Amino acid sequence: MHLRYTYRIYPDGEQRLALARLFGCVRVVFNDALERTAAIKASNKLLGPPRARTAQGPYQRVPKNADLSRELIAQAKKTPEREWLSEVSAVPLQQALRDLDQAWAAYEDSKTGKRKGPKVGAPRFKSRRDGTQSARFTANARWKITDQGKLPLPRVGEVKVKWSRALPSVPSSVTVIKDAAGRYFASFVVQTDDKPLPESTDDVGIDLGLSHFAVLSDGTKVANPRFLRRAERKLKKTQRSLSRKVKGSANRAKARVKVARAHGRVADCRREFHHQLSTQIIRENQAVFVEDLCVKGLGRTRLAKSVHDAGWSAFVHMLEYKAARYGRVFIKVDRFLASSQTCHVCWVVDGPKPLQVRQWTCRSCGTLLDWDVNAARIVLAAGRKLAREREAES
Ligand SMILES: [Zn+2]
């Protein structure tokens, strides 16, 4: 399985300049390729499908990566306008073309419904003002972590890395990232072996709570931890302070950096919390079922939840890959819209209830039902059913 391991890196002044140059070149190649492909796609679209052409003209072939690479990297380097492309390693430039290719594919697949989940827009031009900048080196860029633990990057130099945890194996690629707060990171992709955990007899249904981060089918309600709430409060404070600063002033620029830093800390805290919780749940349970929020049609509860879902998909993704890694069952359950009205004990569907109702008594069996826990129990029951069906199929 492929996993990402991210570390903070500390490039010196000269390396920061080299990285800025690299990010700039990656951006230019990406934008040049986008301009080229978008124009062709747009003119092809004007012609309409082959059977019902609405305009005259020949279809043009959309250039492949190899063509773009020849034209926009190799040949461009020989022109005065783009000769500075030869000052950086060519590998991240090739990767920019692959990124664009994938962005187009995601867009097309999303349009035709081949790709599930939220709609993906067409690729957009990158700007130097974008919050994060990045460049990716694959293994063929010939970089290798030194014995001193430094990361040598072609045409950048040996960059200092803070190894917060050990890399489990030799990485296949590294993405260098600069975030909006001006921090630098190296994000490695590594291949890891699956390590099944000893079998557990427990299973769990997890629902995104309305007043909690998550609710488990055993009745546990998981709130956001204090360290995360504190980081979020700090972020709000810096945001308020930013809004009071005069536009265009030096103080406003300073305040903006502070807000970006606070954002970064909230993201770090949230990731840390997701790691802790997902590891614990995977350790304790043989099967994990979660509510799939990415389903069409927003019911009232779902709509309310979409506001709450900060990080839910990131958390679910962690559960998914950890389950695969440790030999656990993981299933996303399309919780039917009536589930907020269904009793998990007798499965009788009660009438609709306003969102602010936290508890109700089932009219059929008389059980006192907590909205969130009932939902998690239904996820558990629906997940068990799916798991049995899948087992029967195989
Ligand atoms: Zn009931």
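Author: The following account begins with the chain as a whole and then turns to the requested sheet.

The model is predicted: local features need pLDDT of at least 70, side-chain atom pairs count only at pLDDT 80 or more, and totals for chains, interfaces and linings use all residues. Residues are numbered from 1 along each chain as its sequence is written.

The secondary structure of the chain comes to eight helices and 13 strands; helices (H or I, at least four residues) and strands (E, at least two) are DSSP runs, numbered from the N terminus. Along its principal axes, the C-alpha trace spans about 80 × 60 × 55 Å. The domain assignment gives domain 1 (2-191) and domain 2 (203-224 + 265-393), with bounds that come from an automatic or database domain assignment. Taken over C-alpha atoms, the centres of domain 1 and domain 2 are separated by 36 Å.

The requested sheet is an open one of six strands, in the order S2-S5-S6-S1-S4-S3, with antiparallel pairing. Two strands pair if DSSP finds at least two bridges between them. In general, strands of a sheet pair through backbone hydrogen bonds, either parallel or antiparallel. S2 and strand S3 (151-153) stand at the edges, and because each has a single partner strand, one side of each is left without a neighbour in the sheet. On average, neighbouring strands of this sheet are turned by 35 degrees against each other, direction ignored. Axes here are lines fitted to C-alpha atoms, for helices over the stretch in contact, and angles run from 0 to 180 degrees between N-to-C directions.

Strand S2 (residues 133-138) runs antiparallel to S5 and is joined to S5 by six bridges; the bridge partner of Ser-134 in S5 is Ile-177. Strand S5 (residues 173-178) has two faces: Val-174, Val-176 and Lys-178 form the covered one, while Ser-173, Thr-175 and Ile-177 form the uncovered one.

Six bridges also join S5 to strand S6 (residues 184-191), again in the antiparallel sense. Within this pair, Val-176 stands opposite Ala-186 in S6. The hairpin of S5 and S6 has five residues between the strands, and Gly-182 there takes a positive phi near 80 degrees.

The next pair brings in the strand S1. Strand S1 (residues 2-10) and S6 pair in the antiparallel sense over eight bridges, and Ile-9 stands opposite Tyr-184 in S6. Helix H1 (residues 13-47) packs on the sheet, touching S2, strand S4 (157-162) and S5. The direction of H1 makes about 90 degrees with that of S2. Contact between two residues requires that their C-beta atoms, placed from the backbone, lie within 7 Å.

By way of comparison, the chain also holds an open sheet of five strands, ordered S9-S8-S7-S10-S11, with mixed pairing. Strand S9 (221-222) and strand S11 (329-333) are at the edges, each with a single partner strand, so one side of each lacks a neighbour in the sheet. Helix H8 (residues 371-393) packs on this sheet, touching S7, S8, S9, strand S10 (287-291) and S11, and its direction makes about 130 degrees with that of S7. Strand S7 (residues 203-207) and strand S8 (residues 214-216) pair in the antiparallel sense over two bridges.

Conventions: A residue is buried if 20 or more other C-beta atoms lie within 10 Å of its own, exposed if 12 or fewer, and partly exposed in between; C-beta atoms are placed from the backbone.
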